[in-house]
Amino acid sequence: MKKDQTLGEALRLKGISRRGFLKFCAATASMMALPPAMVPAIAEALEKARKPSVIWLSFQECTGCTESLTRSSTSTVEELIFDTISLDYHHTLQAASGTGAEDAREASMKENRGKYVLIVDGSIPISNPGYSTIAGISNEDMLMEAAEGAAAIVAIGSCAAFGGIPQARPNPTGAVSVSDLIKDKPIVNVPGCPPIPVVITGVLTHFLTFGLPELDHLGRPLAFYGNSIHDRCYRRPFYDKGLFAETFDDEGARKGWCLYKLGCKGPTTYNACATTKWNDGTSFPIEAGHPCLGCSEPDFWDAGSFYQALSTPTGDITRNTLYAAGAGVAAGAAIAAVNRKHRSSAEKRHEKVTIDDLEKESKS
Amino acid sequence: MNERVVVDPITRIEGHLRIEAQMDDDRIAQAWSSGTMVRGIEIILRGRDPRDAWAFAQRICGVCTLVHGIASVRAVENALDYEIPANAQLIRNLMIAAQYVHDHVMHFYHLHALDWVDVVSGLDADPAATAELAQSLSNWPKSSPGYFSDMKKKLKNFVEAGQLGIFAKAYWGHPAYKLPPEANLMAVSHYLEALSWQRDVARLHAIFGGKNPHPNFLVGGVPSPIDLNSDSAINAKRLSQVQDIIRKMQEFVDQVYVPDTLAIAGFYKDWGGRGEGVGNFLTYGDFPEKGMSDPSSYLIPSGVILNRDLSTIHDVDMNAADQIQEYVAHSWYKYSGGKEQGLHPYDGETELNYTGPKPPYEHLDVEQSYSWLKSPRWKGQPMEVGPLARVLMLYAKGHEQTQELVGHTLKTLDIPVEALFSTLGRTAARTLETKIIADNMQVWFDNLIANIKAGDTRTFNEVLWEPSTWPGQARGVGFMEAPRGALAHWIVIENQKIANYQAVVPSTWNAGPRDTEGQPGPYEAALEDNHVLHDPEQPVEILRTIHSFDPCIACAVHVTDPNGEELVKVKVR
């Protein structure tokens, strides 16, 4: 089907009659559990442009990413689901359960093959398919099946983008990211634990309006992950003056001085928290007095204590091989490869940074 | 029809839940509840800095997004005997309460409502009659005929576009839906309004914790300092924002949530006669006025009710080895002493052991292990936790507002007190406690203002922040009443690191499988209480009762390393 064709046009081009088209509409009404009286209206709607279909799969996740989606002030989740997209599968929000839910997913995949956007939150455990199933199907099988017909994949949250907390040392379930398993589709990573609400909808809007956004070396859209939090932080001038909070609730903390010495990971974290802020621009962690955890970076869970000034990750390169040993050689090799990749990428970005280094950097 | 009905995924919940029901003709004879996802956060917590634990534990769940953070900092503080300033206690109370109000309203409108509300039927509503109905219930300003006319048009355009999205393949037109079209249109309108409202009131967490979901916490206090002369602390502007949010919460609860619950319940009174569960109820207590060490100052008391007997409240001891225990007879875990025994969380010993069918599978073998959740028991008894347990506890202990609200509800609906022990009672209790907690937010906020006026602005106690000040060994329990029920984390600290970390969470109490004695958990027992399915392909009856518990199944995690050494565990809602 060419991009601009409506379903009605496409069917007619394929020689399907008006009568056949109406039969199709009746089937659609039945699929949506709508009364037959709705068929003419559906036929009319199908003659017009359709909303892009989105299928959202949730694997090893905590639903924080979906909660974040509902906090987006623009576009709002209600604008999205009523006006912009057709959210055809989403565990937390969809009305149908069980067979009805799975039928809706399969119907959408078939009907919108090659065109739907696949959103994934949560990591995928590969040590044992029984570690996470939906409708009796393993996460890996469901991802592979849904990815095949997708136009593009958006990995929402640090778990889907980088493996996240399930992959933190020692990765007990062999959790991997979407890009560890899918190599032949465009993937946009939208990390964060969770991602900022308007960043989730912003990336989606960008994709639907302008196509794939420009990405950094970790697959993150530059529009939201192009600068470090430190470089955009409103407390940066105090850093430059050498004024730091030494502990919580001291004079410096009350006056809004730099939280670097309390462990702030802002200097090595690329995200829009300091500019876009959270919850309709209300605040962000540093503004509320807490150091940045670094949650949009790979392996941030293993980058040392949240309250220690920046340091290199402490993880062991062989951290998962013990667990993978019992789960088969193939899975073990895959996990080891993931670990090597993450270890090297984390080392690149979590270099030991001292105040002196940062001062040098800011002066140069 | 003696078939096995399977509902997987159960949608409109947090996490991955599967229900299998053995039918006896059209009636559910037996039901089994299975959590189908495991992550391993427990093993991940081991060896970490205990001050970091809240951030890890919080990721157990992003819906009840602060509760594991609170339980975690309380566990560390309990282990170290670490007092926090009065203001920190009040700010935590406000944040926990905000979570309740936000979470319960979202559960009602976005997760539970579609079990009772037929979206498509709203197309037949008369906007003027809908306005009349809404105005008869409350003074909520968005109740005009013009407003509902617009909403109906929006709904019509959406349905006629032929892409129902999240509303596709649902149960519209099912005879179990009893609301008239006008009530359906009103409820759909409030579904949308609640989406907008929740976005606004979630800002309270951003003010004190920097963001929502997953706001920030701190062992020893709260991260946000108070300074009326600073542009980067809790100042008069921030406090007035908080006051504004509390007011908006109370308005929505009083004028929309409570009236809608009563109005909708009026059409479903028969649901006061099914879905009871186990008849035993457990609370740990929460919302201290004077710190966690003084249970007499809690708004919600702790206790156990057995066999519906409200006249006797049993005491709960979190540390007694023979009270809270976990069983794995039907869970995918091993115990070295055999699968039959029960273990207190401090003695917890667990090993991941998936013995279920190889995916893809059609049915679980319910005679063997069938869930990633364990079966927690109090003195061997299954317990229901959550809003109904709390409302019953408040009621039994003579809390005046609770008694008034319960009395008013029973009178309005014209149902007997026994109807509380049901699917309907559980859902009503959630609404009533939301009002009680929203009202108390004003009290805590006023106390915070009074402290600041009196010159007390402390939010953090520095004395035990440095791990070098800690004893070599310490252990403690942090507990709270999460929106979904009694939650506790047990922590063992050795040489400034986490040696053991365990959580027993609300949805494990409610959703856990059968125990060694074959006693079903509350979900299972509730489904076995008087459920007739009109059409197994459209199991709306199962969804009503399961959703009345507000499931939150993010994962259940108990792991031992390959050498057999016991590791930390976190069981997740």
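Biologist: What makes β3(B) and β4(B) a hairpin, and which residue in the turn has a positive phi?

Modeller: β3(B) and β4(B) have 2 residues between them, and B:D25 in the turn has a positive phi of about 60 degrees. This is a predicted model, where local features need pLDDT of at least 70, side-chain atom pairs count only at pLDDT 80 or more, and totals for chains, interfaces and linings use all residues. Residues are numbered from 1 along each chain as its sequence is written, while chains are lettered from A and ligands numbered from 1 in the order in which they are written.

Biologist: How do you know that β3(B) and strand β4 (residues 27-35) of chain B pair?

Modeller: Pairing takes at least two bridges found by DSSP between two strands, and strands are DSSP runs of E, at least two residues long, numbered from the N terminus. β3(B) and β4(B) have 8 bridges in the antiparallel sense, so they count as paired. B:L17 has B:G35 as its bridge partner in β4(B).

Biologist: Why is strand β2 (86-89) of chain A called an edge strand?

Modeller: Chain A has an open sheet of 5 parallel strands in the order β2-β1-β3-β7-β9. β2 and β9 (187-190) of chain A each pair on one side only, which puts them at the edges. Inside that order, β3 (residues 116-121) and β7 (residues 150-156) of chain A share 6 bridges in the parallel sense, and A:V117 stands opposite A:A152 in β7(A).

Definitions and conventions: Helices (H or I, at least four residues) and strands (E, at least two) are DSSP runs, numbered from the N terminus.
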